[in-house]
Amino acid sequence: ADVDAAAEEQRPLYPELQLPPHAKTRDEEERLILRRRALMHYWYTSPYRLGAAAAASEALAPVTRHSDLLRGGGLGARPSLAAVVEPNAEYYPSELFSGRREGKAA
């Protein structure tokens, strides 16, 4: 019986509100709004903008932290630098390519 009475008295979830009158914008505010819109358009249409796909791929990239190294996590399956970079003798000191180490004797 109480459920039927409650169903008949449905109150609005949100009461009607009286909003304040819309404030008029000044010329300077109009100019700032237009400049902001132009800047946002420039940013979003820039050829250098990274989209959501780039942000998602960066989120999946593993990050090695110092604490991971201390726990024994290591660097994982990362290849060594020698496997990635092919050294060119033209850009490196000759001592690196001679096969012997020069320096002060101990």
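1. Asp27, Glu28, Glu29 and Glu30 come together as a surface patch of negative charge. Patches take residues with over 30% relative accessible area and no salt bridge, joining like charges within 9 Å and nonpolar side chains (Val, Leu, Ile, Met, Phe, Trp, Tyr) within 5 Å. A salt bridge puts a side-chain nitrogen of Lys or Arg within 4 Å of a carboxyl oxygen of Asp or Glu. Asp and Glu count as negative, Lys and Arg as positive, with His and the chain ends not counted; each charge is placed at NZ of Lys, CZ of Arg, CG of Asp or CD of Glu.

2. Glu28 belongs to helix H2, residues 27-44. Glu28 counts as partly exposed because its relative accessibility is 43% (buried is under 20%, exposed over 50%, partly exposed in between; 1.4 Å probe, protein chains only).

3. Leu81, Val84, Val85, Tyr91, Tyr92, Leu96 and Phe97 make a nonpolar surface patch of about 770 Å². Helix H5 (81-84) and helix H6 (95-98) are the elements giving two or more residues to the nonpolar patch. Leu96, in helix H6, is exposed at 60% relative accessible area.

4. The protein chain has six helices and zero strands (DSSP runs: helices are H or I, at least four residues; strands are E, at least two; numbered from the N terminus). Buried residues are 1% of its 106 residues.

5. Please keep confidence in view: this is a predicted model, where local features need pLDDT of at least 70 and side-chain atom pairs pLDDT 80 or more, while totals for chains, interfaces and linings use all residues. Residues are numbered from 1 along each chain as its sequence is written, and side-chain values use heavy atoms, leaving out hydrogens and water. Mean pLDDT (the predictor's confidence in each residue, from 0 to 100) is 76 for the protein chain.

Notes. Areas by Shrake-Rupley, 256 points an atom, 1.4 Å probe, with all protein chains shown as cover.
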